[in-house]
Amino acid sequence: MTTFPSHRTKINRAMRLAEVGEHRTTAEALLRALPESVIARVTGHELAELLDAVWKLSQNSIASAETEVVSDGGAWDEDKQSLRELT
């Protein structure tokens, strides 16, 4: 990942420590969402904790959205990228 070359060592450490680091594409997307000023201030361990916290939040948000869709009488069709009404 070349987005933050001056923080390469810290990012590599965070990727090894973070649970989300096993999902490289997701972890890199989360890193790109963080301001560079935040990445500069935290340690590699703290960055790993931050990445995992944001990842868990996103997973919880997805689960909540899916629950709301189903309770509203619909389901998301991933293949067709559309909402299907359950009637």
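**Entry 1: terms and model**

Two strands pair if DSSP finds at least two bridges between them. I take helices (H or I, at least four residues) and strands (E, at least two) as DSSP runs, numbered from the N terminus. I note that this is a predicted model, in which local features need pLDDT of at least 70 and side-chain atom pairs count only at pLDDT 80 or more, while totals for chains, interfaces and linings use all residues. Residues are numbered from 1 along each chain as its sequence is written, and side-chain values use heavy atoms, with hydrogens and water left out.

**Entry 2: the strand pair**

I started with A75, whose bridge partner in β2 is R84. I then looked up the pair as a whole: β1 (residues 74–77) and β2 (residues 82–85) run antiparallel and share 4 bridges. D77 stands opposite S82 in β2. The hairpin has 4 residues between the strands, and Q81 takes a positive phi near 50°.

I also checked L83, which is found in strand β2. L83 has a relative accessible area of 52% and is exposed; the cut-offs are under 20% for buried, over 50% for exposed and partly exposed in between (1.4 Å probe, protein chains only).

**Entry 3: confidence**

I looked up pLDDT, the predictor's confidence in each residue on a scale from 0 to 100. The protein averages 84, and 78% of the residues score at least 70. Among the elements, α1 has the highest mean pLDDT (95) and β1 the lowest (71). Where pLDDT is low, the predicted coordinates should not be read in detail.

**Entry 4: overall layout**

I find 4 helices and 2 strands in the protein. Along the sequence the pattern is α-α-α-α-β-β. Of the 87 residues, 28% count as buried.

I counted contacts next (heavy atoms within 4.5 Å). Among contacts with a separation of 6 or more, residues 24 or more positions apart account for 52%.

**Entry 5: helix faces**

Which residues of α1 are buried? They are K10, I11, A14 and M15. These residues cover an arc of only 135° around the axis, which puts them on the same side of α1; the arc is that of the directions from the helix axis to the C-beta atoms. On the other side of α1, I find T9 and R16 exposed.

I repeated this for α2 (residues 24–33), where A27, E28, L30 and L31 are buried. Seen down the axis of α2, the buried residues fall within an arc of 160°, so they line one face of the helix. T25 and A33, on the other side of α2, are exposed.

**Entry 6: the largest nonpolar core**

I define a nonpolar core as a set of buried Ala, Val, Leu, Ile, Met, Phe, Trp, Tyr and Cys residues joined through side-chain atoms within 4.5 Å. The largest one has 15 residues, of which V20, L31, L34, L47 and L51 touch the most other members. Helices α1 (8–17), α2 and α4 (44–71) each supply at least two residues of this core. The most come from α4, with 4 residues.

I followed two of these core members. L31 is found in helix α2 and counts as buried at 0% relative accessibility. The C-alpha atoms of L31 and L50, 19 residues apart along the chain, are separated by 9.6 Å. Leaving out residues up to four places away in sequence, L47 touches K10, I11, A14, L31, L34, I39 and V42.

**Entry 7: a loop residue**

Is T43 buried, exposed or partly exposed? T43 lies in the loop between α3 (36–41) and α4. At 40% relative accessibility, T43 counts as partly exposed. I also looked up its C-alpha separation from I11, which is 9.2 Å for residues 32 apart along the chain.
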